[in-house]
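Here are a few notes to read alongside the structure. Take them one point at a time, and keep the view open as you go.

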Amino acid sequence: MGFEYGKRTKVWCCRDMMGGFNHYVVVKFKDGVAVEELTEGLVKMVSGIEHVKSFQWGKDIGGPDFLRQGFTHAFLMTFNGKEEFDAFQSHPNHVEFSKLFSPAVENILVLDFPPTIVKA
């Protein structure tokens, strides 16, 4: 691990030199979408793809509207590295599921990044 001292935050943090990688998706689903069925399908999809190291998701429980901006659900997948993420992106199960997921989304925010660990 490499360590660096954040000048603005004044905390020690480390970047995982093992190459960890996160895929973070925040969505607002369209009205009338069967979100429970969609999330069940997502769980099934990631469970069948060996490149996904971990997966978690949740529904917002009432943050202020001006901060939430209509987004309701967050999904986080972790990978051992960018190469694993790239393999996931082109995996047939992901490509097929995306055809169901994308039309159900009204708004989306996606962030793909190597994590900087501050406290583990």
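**Notes on a pocket and its surroundings**

1. Let's begin with the residues around the largest pocket. By class, its lining has ten nonpolar residues, four polar ones and no charged ones. Please keep in mind that this is a predicted model.

2. How much space lies in the largest pocket? The answer is about 230 Å³. Its lining consists of 14 residues, and those nearest the centre are His-23, Val-25, His-94, Ser-98 and Phe-101.

3. Which elements each supply at least two residues of that lining? They are strand S3 (21–29), strand S5 (73–79), helix H4 (92–101) and strand S6 (105–113). H4 gives the largest share, four residues.

4. Now follow H4 to one of its helix partners. Helix H1 (residues 35–47) packs with H4 at an angle of about 175°, and their axes are 10 Å apart. Angles over 145 degrees count as roughly antiparallel, so H1 is roughly antiparallel to H4. On the H1 side, the contact is made by Leu-38, Gly-41, Leu-42 and Met-45, while H4 brings Asn-93, His-94, Phe-97, Leu-100 and Phe-101. Six residues of this contact are nonpolar, three are polar and none is charged. Look for His-94 and Phe-101 here: both take part in the contact with H1, and both are among the residues nearest the centre of the largest pocket.

5. Helix H3 (residues 82–90) also packs with H4, this time at an angle of about 55° and with the axes 5 Å apart. That angle makes H3 oblique to H4. Phe-88, Gln-89 and Ser-90 of H3 meet Pro-92, His-94 and Val-95 of H4. Three residues of this contact are nonpolar, three are polar and none is charged. You will find His-94 in this contact too.

6. Next, turn to the strands. Four of them form an open sheet in the order S4-S5-S3-S6, with antiparallel pairing. Which strands stand at the edges? They are strand S4 (54–59) and S6; each has a single partner strand, so one side of each is left without a neighbour in the sheet. On average, neighbouring strands of this sheet are turned by 15° against each other, ignoring direction.

7. Finally, look at S3 beside S5. These two strands pair in the antiparallel sense over seven bridges. Val-25 has Phe-75 in S5 as its bridge partner, and Val-25 is also one of the residues nearest the centre of the largest pocket.

Notes
Residues numbered from 1 in each chain as written. Predicted model: local features only at pLDDT ≥ 70, side-chain atom pairs only at ≥ 80, totals over all residues. Heavy atoms only, no water. 1 Å grid on protein atoms, 1.4 Å probe; cavity = no way out; pocket = protein on both sides within 12 Å on 5 of 7 lines; lining within 4 Å. Points joined across faces, edges and corners; volume = space filled by probe spheres on them. Nonpolar A, V, L, I, M, F, W, Y, C, P; charged D, E, K, R; others polar. Axes fitted to C-alpha atoms, helices over the stretch in contact; angles between N-to-C directions. Parallel < 35°, antiparallel > 145°, perpendicular 65-115°, else oblique. Contact = heavy atoms within 4.5 Å. Pairing = 2+ DSSP bridges.
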